[in-house]
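Have the structure open as you read.

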Amino acid sequence: MYVQISELLIREISAGRLLDGERLPPERELAQSLNTTVRTLRKALAILVDKKLLERVQGSGNYIRHSDEVNSIYSMFRLELPEGGGLPKADILSVGAMEKPSDLPVFGTANHATRIRRLRYLDQSIIAVEEIWLDGNSGEIPEDKLSDSLYEFYKKQLGFWINRAEDRVSIAQVPAWSPSKFGKKPGEICGFIERFSWANDPEPIEYSRTWFDTDQSVYIARLK
């Protein structure tokens with residue numbers, strides 16, 4: 001929970017909704033607004049201090065400090081709530097290793113891959129369904145070890161870090177496998193993101209496609 005809270009605050013800082021030099025509310029008040037305990041909040045704030053995004057001033061409070069280099073596990077997650085922000089979470093729908101189907105674009109070096117299908121949330125709002133394909137030569141993905149952040153899983157369990165991605169944003173029909181709790185029915189038009197992701201190899205090792213509900217989320221790319 002404290003890691004999730006720290007990531008939520010990092011996203012708010014990156015988006016400019018928490019300004020450099022801004023003092024955070026008192027810890028008890030902030031903890032209550034985040035529906036957590038003061039102890040958990042302090043552990044989250046300690047992460048921000050380590051990342052040099054927060055300065056604690058004895059007797060005064062906690063002050064935001066911006067940084068151009070923020071190492072966040074959700075730094076490449078581009079969907080936000082219409083009002084901004086939101087903590088990314090996911091429900092796993094299925095995980096399986098299989099031959100790459102013919103409708104996929106070329107990525108990686110193997111003829112097989114792991115396919116992950118997930119339902120995505122921001123806070124409590126369901127915003128998207130996604131399908132991620134990891135090239136078979138990049139490692140195996142056991143479902144019981146997956147976390148909300150695939151990129152964090154790649155780093156800790158498979159030993160590589162996604163350092164570059166290319167997004168292509170358009171519209172598309174919701175896929176037939178989409179669960180009923182998603183806000184759009186199969187066949188309806190919604191926002192669509194295709195992403196190619198790279199680690200250290202010249203070829204992208206991951207391909208994903210995300211169908212997102214434009215009534216519940218927006219795609220944001222900030223240029224610095």
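Contact here means heavy atoms within 4.5 Å. By that rule, and leaving aside its neighbours within four places in sequence, serine 217 is in contact with Leu79, Glu80, Pro82, Ile127 and Phe212. This is a predicted model, where local features need pLDDT of at least 70 and side-chain atom pairs count only at pLDDT 80 or more, while totals for chains, interfaces and linings use all residues. Residues are numbered from 1 along each chain as its sequence is written, and side-chain values use heavy atoms, with hydrogens and water left out.

**Helix α1 by itself**

- Helices are DSSP runs of H or I with at least four residues, strands are runs of E with at least two, and numbering goes from the N terminus.
- α1 has 13 residues and reaches 18 Å from first C-alpha to last, close to the 18 Å expected at 1.5 Å a residue (the expected span is 1.5 Å times one less than the number of residues).
- Ile5, Ser6, Glu7, Leu8, Leu9, Ile10, Arg11, Glu12 and Ile13 of α1 are buried (buried is under 20% relative accessible area, exposed is over 50%, partly exposed is in between, with a 1.4 Å probe and protein chains only).
- Those buried residues pack against α3, β2 (61-64), β3 (79-80), β4 (88-99) and β5 (112-122).
- Just after α1, glycine 16 takes a positive phi of about 85°.

**α1 against α3**

- α1 (residues 2-14) and α3 (residues 38-50) pack at about 50°, with their axes 8 Å apart (axes are lines fitted to C-alpha atoms, for helices over the stretch in contact, and angles run from 0 to 180 degrees between N-to-C directions).
- On the α1 side, Tyr2, Val3, Ile5, Ser6, Leu9, Ile10 and Ile13 meet Thr40, Leu41, Lys43, Ala44, Leu45, Ile47 and Leu48 of α3.
- By class, that contact has 11 nonpolar, two polar and one charged residues (Ala, Val, Leu, Ile, Met, Phe, Trp, Tyr, Cys and Pro count as nonpolar, Asp, Glu, Lys and Arg as charged, and the others, Gly among them, as polar).

- Asparagine 35 has a phi near 60°, a positive value in a residue other than glycine.
- Asparagine 35 sits in the loop between α2 (27-33) and α3, and at 71% relative accessibility it counts as exposed.
- Aspartate 123, in the loop between β5 and β6 (125-135), also isn't a glycine but has a positive phi, near 55°.
- Aspartate 123 is partly exposed, at 30% relative accessible area.
- Serine 217 lies in the loop between β9 (206-212) and β10 (218-219), and is buried at 1% relative accessible area.
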